[in-house]
Amino acid sequence: MGVTKGVGGSPEIAEILTAKGMHTLADTKLKNLQDMRRAGIQAEFLFLRTPAVSEAEIVVEAADISMNTELSVLKSLSVAALNRGIIHRVILMIEMGDLREGILPADLSEFIGYALSLKGIAIVGLGANFACFGGVKPSNEKMQELEDLTERMEAEFPLTLSYITGGNSGNYRWFSAAASTGRINSLRIGESIYLGCETLEREEIPGLFTDAFTLVAEVIEAKRKPSLPYGEIGQNAAGGYSSFQDQGEMNRAILAIGSQDVIADGLTPMIDIEILGSSSDHLIVNAKETKLVPGTEVSFGLNYSALLSLMTSAYIPKKYFHSTIMHQPG
Ligand SMILES: *Cc1c(COP(=O)(O)O)cnc(C)c1O
């Protein structure tokens with residue numbers, strides 16, 4: 001499954017994913033699913049974040065499938081699906097140690113026993129998530145456990161579990177090393193596709209580009225200034241206290257982008273400058289010996305947090321190469 005949350009549900013990117021053979025697109029934002037559908041993207045849409053009770057109506061409308069862990073939510077989805085006259089498909093997420101979402105394996109039988117009595121929904125799979133909150137790796141043992149659980153549930157209940165979704169970009173090493181992936185027939189991949197790395201050690205994946213996304217920001221001030229703030233010191237814009245080393249005077253520059261646009265920690269300049277910090281609309285850099293003047297464009301590589309923040313910012317214009325999607329002006 002192609003995960004589109006990292007690119008803000010961009011129809012331009014979704015179009016490329018489907019053209020390259022991905023038939024399921026998954027996102028944690030309902031708005032992103034709606035945007036992709038409206039843009040005419042032909043795919044099966046999966047809601048990746050466990051739904052809120054209050055979202056049930058929109059979930060069954062915007063998503064063909066959703067991930068679930070709560071019976072009360074399933075009840076709401078069941079009512080909403082019946083009202084629409086459809087069957088909404090659900091994948092049950094299993095807690096396997098990373099300690100974000102998931103039904104505890106010991107509770108699964110009882111959960112399914114009850115869920116099967118709900119009309120309007122169909123349980124079509126099991127899934128697990130790794131390396132998100134607890135940093136727990138998707139090992140052979142964990143994948144085997146998910147497979148065993150699948151077979152036990154199929155033996156106990158009249159169920160055909162067709163989606164066994166074992167994890168995210170953190171599964172790259174398991175997937176590429178495993179002699180057989182067994183019953184695990186799906187991974188939900190975002191970061192690896194966009195940034196060309198696996199996510200346990202951020203190691204590059206052979207054959208993929210790591211610079212498919214680039215931020216270009218413009219210099220709005222460039223001056224020689226001291227490296228140490230002067231005057232009485234109080235809190236900074238973030239509510240903390242700044243600390244700087246005195247390096248004498250330096251060539252400083254400001255770029256027209258800030259912490260309301262991007263998680264600045266995730267930027268890597270492509271030229272020899274150093275990011276000193278950011279406030280809401282300014283990125284302050286040590287230009288070192290690099291010649292920067294107002295109007296100079298500086299390019300940055302991105303990590304996933306930077307990509308996600310930029311792609312979801314309404315303030316950052318996106319420029320796509322190789323896209324055929326036309327946007328209405330305005
Ligand atoms: C974000 C997300 C993914 C995709 O993660 P990547 O690291 O980008 O591959 C997969 N599953 C769930 C539940 C997610 O929230």
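Predicted model: local features only at pLDDT ≥ 70, side-chain atom pairs only at ≥ 80, totals over all residues.

Q: Which residues of helix α9 (residues 304-312) are buried?
A: Tyr 304, Ala 306, Leu 307, Ser 309, Leu 310 and Met 311. Buried means under 20% relative accessible area, exposed means over 50%, and partly exposed is in between (1.4 Å probe, protein chains only). Helices are DSSP runs of H or I with at least four residues, strands are runs of E with at least two, and both are numbered from the N terminus. Residues are numbered from 1 along each chain as its sequence is written, and side-chain values use heavy atoms, with hydrogens and water left out.

Q: What do the buried residues of α9 pack against?
A: They pack against α8 (191-195), β8 (215-226), β10 (267-269) and β13 (297-302). Contact here means heavy atoms within 4.5 Å.

Q: What makes Asn 303 a cap for α9?
A: A side-chain oxygen of Asn 303 lies 3.0 Å from the backbone nitrogen of Ser 305, at the N-terminal end of the helix. A polar contact is a pair of N or O atoms within 3.5 Å; within protein, one must be able to donate a hydrogen and the other to accept it, and residues adjacent in sequence count only if both atoms are side-chain atoms.

Q: How do you know that Glu 95 has no salt bridge?
A: A salt bridge needs a side-chain nitrogen of Lys or Arg within 4 Å of a carboxyl oxygen of Asp or Glu. For Glu 95, which is buried, the nearest side chain of opposite charge is Lys 142, 7.5 Å away.

Q: Where does Glu 95 lie, and what does its side chain reach?
A: Glu 95 is in the loop between β5 (88-94) and α5 (108-115). Its side chain reaches the backbone nitrogen of Leu 99 at 2.9 Å, and a polar atom of that side chain lies 2.8 Å from the backbone nitrogen of Gly 97. Leaving aside residues up to four places away in sequence, Glu 95 also touches several others, including Arg 100 and Pro 105.

Q: Why is Glu 156 called partly exposed?
A: Its relative accessibility is 46%, so Glu 156 counts as partly exposed. Glu 156 lies in helix α6 (residues 140-156), and its side chain joins that of Ser 109 in a polar contact of 2.7 Å. The C-alpha atoms of Glu 156 and Ser 109 are 8.2 Å apart, although 47 residues separate the two along the chain.

Q: What makes Asp 64 and Arg 37 a salt bridge?
A: Their closest N and O atoms are 3.4 Å apart, and the pair forms a salt bridge. Asp 64 lies in the loop between α3 (56-62) and β4 (65-68) and Arg 37 in helix α2 (residues 30-38), so the pair ties together parts 27 residues apart in sequence. At 24% relative accessibility, Asp 64 counts as partly exposed, and so does Arg 37 at 33%.

Q: How many salt bridges are there by this rule?
A: The count comes to 15. Among them, Glu 154 pairs with Arg 183 at 2.8 Å between the closest N and O atoms. That pair links distant parts of the chain, with Glu 154 in helix α6 and Arg 183 in the loop between α7 (172-177) and α8, 29 residues apart.

Methods. Lys, Arg positive; Asp, Glu negative; His and termini not counted.
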